[in-house]
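I am opening a notebook page for this protein.

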Amino acid sequence: MSAASATYRNSLPPDEEHPPADPSTPANLPISLSLKSAFRASLTEYYVHLRFFSGSWEGYDPRLTGGPYNLVLTSETIYKSDGLRPLIDLMQAACRCIPNPDGDRLAELVDQKLSLSSDYPMLSNEPHQYLCLVAAKIIYFGVGGGVSEFVRTVEGSPWKGKVETALEKIVGVGRSILRVRWNEK
């Protein structure tokens, strides 16, 4: 249990029902006003600022929304072959060369949550610190996209990016979490 969740749990009245602290125990989490307030306070305490965007990748300019960013997450976005290039251009622009003094902490959290190997390089060793993660199915049947095509497109782009597998599940519907690193032009 995190320190932030302990603070929230300790603030609840004893008669208020809340799920068990053990994350391996299935339960429903009521989204109450006090939970939302605790979540916002935790984000502020750890200097986390979240923004969510939707729409066409071609029309999005990260500079107009406070970018570049030190964390870019995307999921289920590499399913369509003809959409890869605009997505990759946007991902690179969103991560472009930004120093991040908290980069080592960000990498540490990712290492813990994804159970990455101990030889996985930390962000603090990089000159420009950001984390760009893509969650996807290994192959999307019937639409032509998937991990292999994404990797070929990133590594063949003008940015000569590098894709590493951070986590992979090959049983059932294969899934991967990929880390993308960008070279400067």
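This is a predicted model: local features need pLDDT of at least 70, side-chain atom pairs count only at pLDDT 80 or more; totals for chains, interfaces and linings use all residues.

Which residue takes a positive phi in the hairpin of S3 and S4? I looked it up: Gly 172 does, with a phi near 70 degrees. I also noted that this hairpin has five residues between the strands.

**Entry: overview.** I listed the secondary structure and got five helices and four strands. Read from the N terminus on, the order of the elements is α-α-β-α-α-β-α-β-β. The protein has 185 residues, and 36% of them are buried. I then looked up contacts between residues at least 6 apart in sequence; 62% of these join residues at least 24 apart.

Entry: I went back to S3, residues 162-169, and S4, residues 175-181. They pair in the antiparallel sense, and seven bridges connect them. I checked two of the partners in S4. Glu 164 has Arg 179 as its bridge partner, and Thr 165 has Leu 178.

**Entry: the sheet.** In what order do the four strands stand in the sheet? I found S1-S2-S4-S3, in an open sheet with mixed pairing. From one strand to the next, the twist averages 20 degrees.

**Entry: a helix on the sheet.** Which strands does helix H5 touch? H5, residues 147-155, packs on the sheet and touches S2 (131-137), S3 and S4. I also noted its direction, which makes about 160 degrees with that of S3.

**Entry: two helices.** Before the next pair I wrote myself a reminder. Two packed helices are described by the angle between their axes and by the distance between the axes. For helix H3 (residues 84-95) and H5, the axes come within 10 Å and cross at roughly 55 degrees. Is the crossing right-handed or left-handed? I recorded the crossing of H3 and H5 as right-handed.

Last, I looked up which residues meet there. From H3 I wrote down Leu 84, Ile 88 and Met 91. They meet Glu 149, Phe 150, Thr 153 and Val 154 in H5. Sorted by class, the contact of H3 with H5 has five nonpolar residues, one polar and one charged.

Note on methods: Residues are numbered from 1 along each chain as its sequence is written. Side-chain values use heavy atoms; hydrogens and water are left out. Two strands pair if DSSP finds at least two bridges between them. Axes are lines fitted to C-alpha atoms, for helices over the stretch in contact, and angles run from 0 to 180 degrees between N-to-C directions. Contact means heavy atoms within 4.5 Å. A crossing is left-handed if the near helix is turned anticlockwise from the far one by less than a right angle, and right-handed if clockwise. Ala, Val, Leu, Ile, Met, Phe, Trp, Tyr, Cys and Pro count as nonpolar, Asp, Glu, Lys and Arg as charged, and the others, Gly among them, as polar. Buried means under 20% relative accessible area, exposed over 50%, partly exposed in between (1.4 Å probe, protein chains only).
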